[in-house]
Amino acid sequence: MAATNGNSTPDLDRAGNRTPRALIDPYQRAITYLRVSVTDRCDFRCVYCMSEHMAFLPKVDLLSLEELDRLCSAFIAKGVTKLRLTGGEPLVRRGIMTLVASLSRHLGTGALKELTLTTNGSQLPKYASELKAHGVERINVSLDTLDADKFREITRWGELDKVLTGIDAAQAAGLRVKINAVALKGVNEDEIDSLLDWAHGRGMDLTVIEVMPLGDIGADRLEQYLPLSMVRARLADRYTLEDIDYRTGGPARYVRVKETGGRLGFITPMTHNFCESCNRVRITCTGTLYMCLGQADAADLRAPLRASESDQPLYAAIDQAIAHKPKGHDFVIDRRHQRPALSRHMSVTGG
Ligand SMILES: C[S@@+](CC[C@H](N)C(=O)[O-])C[C@H]1O[C@@H](n2cnc3c(N)ncnc32)[C@H](O)[C@@H]1O
Ligand code: SF4
């Protein structure tokens, strides 16, 4: 039996093939945003993301760049208009610019409205101009502190200078940069205002993120977790925060900071569940589709991808998976819930 998208029957074209159609989940949310983790590997080992000695996926399990392109293109044919490359660190995947270049054809046709990526910034000096040349307009760079020692502590392996040089290169290439910072109790909580002044001073938005209980990181999440309600309350002592409607298609809620004129986003998976407007799904570098970042449900797309040169089995598998997209997640970090909500690390799905 052909798969449906949960509330309708498939259309057939004249040759009897299913025509790709929009992805609507059981809660009537249109899925238009795909995040693709192109590798689970990284040149950093951030304390909230990975354990010090991570076991990575065997390289033989990875989809090739051509397969990743085909998979992304299938989602685009089914109505995805925004695609974010992530990881692990997307820019350490060998040959990554080949994928960016090939995906950019969908920008040319107008099927894709945005091709973007989330990066730790370390490889931007090398790739910023190429990204821009392939139609990437804006990127997110993750940066939790401007203190070089603290940066090394958080990332274990990273160098702040390299990331700052990367951000310079991105801005010089004409890319719009948004800074993402994970709010960490006792680590950068007294620095959010200086990050904000710095980012806004350089014309970059800043988004702060609550730490999520994903993966065993060999540390206590409760030690890291800082509710953004507290961050916001503290910032409100110093700045005038005006709620605004601005959206980027992601889960952040924005305010305008009157004193700087810049935008500040809050991603609050813990204190405010944002699932009702969820428009996104994630695929890993092995072709596993996660319908929700906060749930274990997943579908294997590698088998249908490899089963046939036709995309029909793939479309059917995608439809079937979307028909099972959960309503939402319910993360808890407290004394009774100190184990990870999910054993999967953030580096597998890329956030
Ligand atoms: C997994 S990284 C992948 C892309 C790239 N390596 C980077 O760091 O930007 C994507 C984002 O997830 C965030 N992140 C990682 N682990 C997290 C966690 N447990 N809770 C909240 N955010 C997390 C990172 O700070 C980063 O902004
Ligand atoms: S947050 Fe990004 S940079 Fe840090 S370890 Fe995870 S994947 Fe690497």
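The side chain of Thr116 reaches the backbone oxygen of Arg138 at 2.5 Å. Such a polar contact is a pair of N or O atoms within 3.5 Å; within protein, one must be able to donate a hydrogen and the other to accept it, and residues adjacent in sequence count only if both atoms are side-chain atoms.

This is a predicted model: local features need pLDDT of at least 70, side-chain atom pairs count only at pLDDT 80 or more, and totals for chains, interfaces and linings use all residues. Residues are numbered from 1 along each chain as its sequence is written, chains are lettered from A and ligands numbered from 1 in the order in which they are written, and side-chain values use heavy atoms, without hydrogens and water.

The chain averages a pLDDT (the predictor's confidence in each residue, from 0 to 100) of 89. Over residues 1-9 the pLDDT is below 50. Where pLDDT is low, the predicted coordinates should not be read in detail.

In α9 (residues 228-238), Leu228, Val231 and Leu235 are buried. They sit on the same side of α9, because their arc (of directions from the helix axis to the C-beta atoms) is only 50°. Their packing partners are tabulated below.

| Element | Residues |
|---|---|
| β5 | 176-183 |
| α7 | 192-201 |
| β6 | 205-210 |
| β7 | 241-243 |
| β9 | 263-267 |

Definitions and conventions
Contact = heavy atoms within 4.5 Å. Buried < 20%, exposed > 50% of the residue type's maximum accessible area, 1.4 Å probe, protein only. Helix = DSSP H or I, 4+ residues; strand = E, 2+ residues; numbered from the N terminus.
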